[in-house]
Amino acid sequence: TVVERTLVLIKPDGVRRSIIGEVISRIERKGLRIAAMDMRTLSTEVAEAHYEEHANRPFFASLVEFITGGPLVAMVVEGERAIEAFRSLAGATDPVSAVPGTIRGDFALEVQENIVHGSDSTYSADREIKLFFPELA
Ligand code: DAT
Ligand code: MG
């Protein structure tokens with residue numbers, strides 16, 4: 001078995017739409033464990049660091065404005081192949097392409113407002129967990 005940890009965010013759109021419980025329920029039903037969790041509003045600095053790989057993309061400024069625009073829920077999720085397992089629960093980045101049954105496929109229509117974030121690799125997970133939960137890293 002390969003136990004991993006991944007950083008999951010319920011982004012401000014998910015909080016505004018009152019589907020925190022829905023998202024947490026899907027994580028728990030899957031058998032993944034929530035190792036740490038809180039609600040916070042990101043500073044511009046943390047948001048830019050979180051999305052640093054996208055710094056040169058045309059949507060970067062809008063993405064940072066969106067992710068800092070209200071409280072979000074940050075959590076460390078752990079379990080067997082947790083990184084891929086959560087990405088599978090989340091669905092494709094573009095919610096219109098995301099398969100129904102996934103979080104994005106069921107709850108979103110616009111690519112920026114796609115409800116959740118999940119780390120995409122062990123490297124990203126380590127980096128993002130250090131950024132959000134330095135006490136756990
Ligand atoms: P993911 O969140 O599936 O890992 P990503 O890392 O490629 O996707 O992009 C990070 C976020 O940026 C994504 O959740 C939504 C936003 N985004 C990605 N591509 C976009 C685009 N073409 N236009 C607007 N926002 C975009
Ligand atoms: Mg990504």
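First, the ground rules. Residues are numbered from 1 along each chain as its sequence is written, chains are lettered from A and ligands numbered from 1 in the order in which they are written. The model is predicted, so local features need pLDDT of at least 70, side-chain atom pairs count only at pLDDT 80 or more, and totals for chains, interfaces and linings use all residues, while side-chain values use heavy atoms, with hydrogens and water left out.

I start with the record. An unreviewed UniProt entry carries the annotation "domain: Nucleoside diphosphate kinase-like" for residues 3-136. UniProt positions are given here in the numbering used for this model, feature names are shortened, and annotations may be inferred rather than shown by experiment. In the model, that span is 42% helix and 21% strand, and its end C-alpha atoms lie 16 Å apart. Helices (H or I, at least four residues) and strands (E, at least two) are DSSP runs, numbered from the N terminus.

Next, helix α7, residues 122-132. Which of its residues are buried? They are Ser-124, Ala-125, Glu-128, Ile-129 and Phe-132. Seen down the axis of α7, these buried residues fall within an arc of 125 degrees, so they line one face of the helix. The arc is that of the directions from the helix axis to the C-beta atoms. Tyr-123 and Lys-130, on the other side of α7, are exposed. Buried means under 20% relative accessible area, exposed over 50%, and partly exposed in between, with a 1.4 Å probe and protein chains only. The cover over the buried residues of α7 includes strands β1 (3-10), β2 (33-40), β3 (72-80) and β4 (116-118), along with helices α3 (44-50) and α5 (82-90). Contact here means heavy atoms within 4.5 Å.

Now the salt bridges (a side-chain nitrogen of Lys or Arg within 4 Å of a carboxyl oxygen of Asp or Glu). The count by this rule is 6. Glu-22, Arg-26 and Asp-106 are linked in a network. Arg-26 pairs with Glu-22, with the closest N and O atoms 2.7 Å apart. Both lie in helix α2 (residues 20-30), 4 residues apart, about one turn of the helix. Arg-26 also pairs with Asp-106, at 2.9 Å between the closest N and O atoms. That pair links distant parts of the chain, with Arg-26 in α2 and Asp-106 in helix α6 (residues 103-107), 80 residues apart. Arg-26 is buried, at 11% relative accessible area, whereas Glu-22 is partly exposed at 32% and Asp-106 is partly exposed at 36%.
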